[in-house]
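Dear colleague,

I am handing over the structure below, and after it you will find my notes on what was found. Please read them with the model open beside you.

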Amino acid sequence: MKPGLPKIDTEGLKSFIPEDEIFDLLEKTKNPTPERVREVIARSLDKNRLEPEEMAVLINADTPELAEEIFEGARKLKELVYGNRIVLFAPLYIGNDCVNNCQYCGFRCTNKEVARKTLTLPELDREIEALVNKGHKRLILVYGEHPQYDAQFIHDTVKEVYAQKHGNGEIRRVNINAAPLDVEGFKLVKSAGIGTYQIFQETYHRETYAQVHPSGPKSDFLWRLHGLDRAQEAGIDDVGIGALMGLTDWRFETMALLYHTIHLEERFKVGPHTISFPRIEPAIGTDTGQYPGVNDFDFKRLVAILRLAVPYTGLILTCRESVELRNDIIKFGVSQIDAGSDIGVGAYSTKDEESYKKSQFVLNDGRSLDQVIRELCEAGFIPSFCTGCYRLGRTGEHFMEFAVPGFVKRFCTPNAILTFLEYMEDYSSPETKKAGMLQIERELERMPENDQKAKLVERIAQVKQGARDLYF
Ligand code: SAM
Ligand code: SF4
């Protein structure tokens, strides 16, 4: 395998995002009747993946009353499919060198104000130590696009993360957010034992894409659009898609995310494992005010609509959003959030006052992991650090088979409780432990008396006596 960035080859590739059809559907479904909107919500509550026309109906249901019905539908669906668990993770920026010129991003090559930094392996070890000692178990490693961050480098950094053990803790799942590779590169990265590989298309609108990506390998729309197909071809069956909301009309991007999902389902019998919908945030040396953006009401609508459209796909909400908005949106559909995040390269271990100069954009939720966890418990959620499925091979298509009623009760909730208990035993503040233990008790009370519960109670006792990493 040659070092450096892969050779771009888009011969024979076509876009699977039918722009005209999307605009047409959005036009045709304007002013839907309440009955039609309820029909679509009901189909989703039957846990069907929606069709594009149905999503367009929800997008056009934009009165406050109909929006409320959509939020309510999404809340119900979330409860049905996911229960009250929220999976927690942290982003870890490995390096911010970049050969691309994404106009919205603080890391773009033409930005003179950003301080460039790539972690050395000893620095990476220190970051991991800091994250493990806070209680994290799941990370997403983030990289700029640069010849030095090739597949071998990504592979080596993932291996380095898994090799660390501190006290009772270690990182058990490493996801990746990096540039698209070729099939060989993806195979190499997979061999390091990654969880999900995320690539955000940023915008699915070709003209906008060309405007905001004027140069560098990322300027090739098709190479990026088919990136996760290549990941699947290489055997990575948990892939994450996303759009950077606000570059162009969010309605178009939300529809396009559904088309991307359908494309993956049709080609690989499994849709994306997760969908992300980051909103543009201010970034050092960057004019992010020039884009249409998405207001809070529409942002909430787009999350609820995605929840209803793809009932079994994980939705990720990051610290880009404010505490108030996160607390609100968590209720209707998000399954994973980051917490205690710092996105300055090296910032977890160095307490760098100028960390923002090494950051890609600005975060709006600065709470610590412990505080987020306490507030989640107080709001009735069970925080989870579970990594059971991926370590037992319940990924991709197999994960879809499991994503049926009963699965959450059998695996997810018990695993959430066990990993949350580990957190409380090893890392939490006394107040958080108090709130958390109460929450676990409530959860246990709700469970019917059966073998499953007996096993869980036995494992809870084992964790309290010092056993770690138990899962179903
Ligand atoms: N360099 C790789 C790439 O572009 O695919 C890896 C990920 S990049 C470091 C992470 C993501 O951050 C991008 O895909 C983009 O969606 C998002 N992002 C970039 N600039 C942003 C901004 N100003 N506000 C919010 N998110 C931003
Ligand atoms: Fe580089 Fe990614 Fe930022 Fe674009 S979004 S400039 S590729 S780090």
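A residue is called buried here when its relative accessible area is under 20%, exposed when that area is over 50%, and partly exposed in between, with a 1.4 Å probe and protein chains only. Ser428, with a relative accessible area of 16%, is therefore buried.

Two remarks on provenance come before the rest. This is a predicted model, in which local features need pLDDT of at least 70 and side-chain atom pairs count only at pLDDT 80 or more, while totals for chains, interfaces and linings use all residues. Residues are numbered from 1 along each chain as its sequence is written, chains are lettered from A and ligands numbered from 1 in the order in which they are written, and side-chain values use heavy atoms, with hydrogens and water left out.

To return to Ser428, this residue sits in the loop between helix H18 (407-426) and helix H19 (430-446); helices (H or I, at least four residues) and strands (E, at least two) are DSSP runs, numbered from the N terminus. If neighbours within four places in sequence are set aside, Ser428 is in contact (heavy atoms within 4.5 Å) with Asp370, Tyr423 and Lys433.

The strand S2 (residues 138-143) deserves a careful look, since six of its six residues are buried, so S2 is largely enclosed by the rest of the structure. Arg138, Ile140 and Val142 point one way from S2, whereas Leu139, Leu141 and Tyr143 point the other way, and all are buried. Two strands are said to pair if DSSP finds at least two bridges between them, and S2 has such a partner in strand S1 (residues 85-95), with which it pairs in the parallel sense over five bridges; here Pro91 has Ile140 of S2 as its bridge partner. S2 is also joined by five bridges to strand S3 (residues 173-177), and these two run parallel, with Val142 opposite Asn177 in S3.

S1, helix H5 (residues 121-134) and S2 make a right-handed β-α-β unit, where right-handed means that, with the strands pointing away from the viewer, the path from the first strand over the helix to the second runs clockwise. S2, helix H6 (residues 151-163) and S3 likewise make a right-handed β-α-β unit.

Strand S6 (residues 274-276) is joined to S7 by three bridges, and the two run parallel, with Ile275 opposite Leu315 in S7. Between S6 and S7 the chain passes through H12, and this β-α-β crossover is right-handed. S7 pairs in the parallel sense with strand S8 (residues 336-338) over two bridges, and the bridge partner of Leu317 in S8 is Ile337. From S7 the chain crosses through helix H13 (residues 323-330) to S8, again in a right-handed β-α-β crossover.

Helix H12 (residues 296-309) also holds Ala304, which counts as buried at 0% relative accessibility. Leaving aside neighbours within four places in sequence, Ala304 is in contact with Ile70, Phe71, Ala74 and Phe332. The C-alpha atoms of Ala304 and Ile59 are separated by 10 Å, although these residues are 245 residues apart along the chain.

Most residues other than glycine have a negative phi.

With best regards
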